[in-house]
Amino acid sequence: NAGTEADVYISIYGERGDTGSRQLLRPQKPNKFLKGQTDIFAVEAVHLGHLYKIVIGHNGLGSGNGWFLDKVVIKDPTTDLDYTFLCQRWLDEGQDDGNIVRELTVTDASTFPGRRELELKRKETWAAEKWKFQEGNTLQFYNRLTCGFICLSPDSRVDALGDKKNKYGKVFFMWMYA
């Protein structure tokens, strides 16, 4: 009882737009969306660039309409990339959380080339900035609206009337905008 006879719909989202809601028209097999079965569909659309999410669900009609969806894999014929969207949940009004529609984000980091660069930049930034959070350093935040400082001291004190000169010596400024 993990399959469905309901009509299944999908919307695919990429960096250049989305497909809108499209019904996954039944392939030549007589029984679609059955437990343990892989169904293949062709969805025609303009090239959406790198994909980042899908919305998939069904109309809830038909007997035994509940459906356990393991995953969706979209193969982009233009770039030859595979995008994997893990679900591993029920789309069933009587199971799980009762939703028959799921929003899924891409789970394979290798399909989004910018993700690797972003993670590398995050690590580089942390390596360059982590000294600010070492024991003994005082953080001073400057608020341009009030022209005042907020100091976070190593002993966990917060001084909303902070001074530019600090007895701890290692001070840096972070600009806060209100």
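Me: What makes up the lining of the largest pocket, by class?
Reply: In this predicted model, the lining has 22 nonpolar, seven polar and seven charged residues. Here Gly counts among the polar ones, while Tyr and Cys count as nonpolar.

Me: How many residues line that pocket, and which lie nearest its centre?
Reply: The lining has 36 residues, and those nearest the centre are Asp-39, Phe-41, Val-72, Val-73 and Ile-74. Strand 1 (8-14), strand 4 (51-58) and strand 5 (67-76) are the elements that give two or more residues to it. Strand 5 gives the most, with ten residues. The volume of the pocket is about 1,000 Å³.

Me: Why is Arg-102 called buried?
Reply: Buried means under 20% relative accessible area. Arg-102 has 7%, so it is called buried. You'll find this arginine in strand 7 (residues 101-105).

Me: How do you know that the side chains of Arg-102 and Asp-97 make a polar contact?
Reply: The cut-off for a pair of N or O atoms is 3.5 Å, and these two side chains are joined at 2.8 Å, within that limit. A polar atom of the Arg-102 side chain also lies 2.7 Å from the backbone oxygen of Trp-90. Both Trp-90 and Asp-97 are among the residues that Arg-102 touches, as are Ile-54 and Cys-87.

Me: Why is Arg-157 called partly exposed?
Reply: Its relative accessibility is 42%. Buried would need under 20% and exposed over 50%, with partly exposed in between, so Arg-157 counts as partly exposed. Arg-157 sits in the loop between strand 9 (148-152) and strand 10 (158-162). Its C-alpha atom is 9.9 Å from that of Thr-138, with the two residues 19 apart along the chain.

Me: What makes a set of residues a nonpolar core, and which residues have the most contacts inside the largest one?
Reply: The members must be buried and joined through side-chain atoms within 4.5 Å. The largest core has 19 residues, and those with the most contacts inside it are Ile-54, Ile-56, Leu-69, Val-72, Ile-74 and Phe-85. Strand 1, strand 4, strand 5 and strand 6 (81-91) each supply at least two of its residues. As a general point, nonpolar side chains tend to be buried together in soluble globular proteins.

Me: Which residues does Ile-54 touch, leaving out those up to four places away in sequence?
Reply: Its contacts include Ile-10, Ile-12, Val-72, Ile-74 and Phe-85, and also Arg-102.

Technical notes:
Residues are numbered from 1 along each chain as its sequence is written. This is a predicted model: local features need pLDDT of at least 70, side-chain atom pairs count only at pLDDT 80 or more; totals for chains, interfaces and linings use all residues. Side-chain values use heavy atoms; hydrogens and water are left out. Helices (H or I, at least four residues) and strands (E, at least two) are DSSP runs, numbered from the N terminus. Buried means under 20% relative accessible area, exposed over 50%, partly exposed in between (1.4 Å probe, protein chains only). A polar contact is a pair of N or O atoms within 3.5 Å; within protein, one must be able to donate a hydrogen and the other to accept it, and residues adjacent in sequence count only if both atoms are side-chain atoms. Contact means heavy atoms within 4.5 Å. On a 1 Å grid over the protein atoms alone, a cavity is a set of points where a 1.4 Å probe fits but cannot get out, and a pocket is an open set with protein on both sides within 12 Å along at least five of seven lines; lining residues have an atom within 4 Å of a point. Grid points are joined across faces, edges and corners, and a volume is the space filled by probe spheres set on the points.
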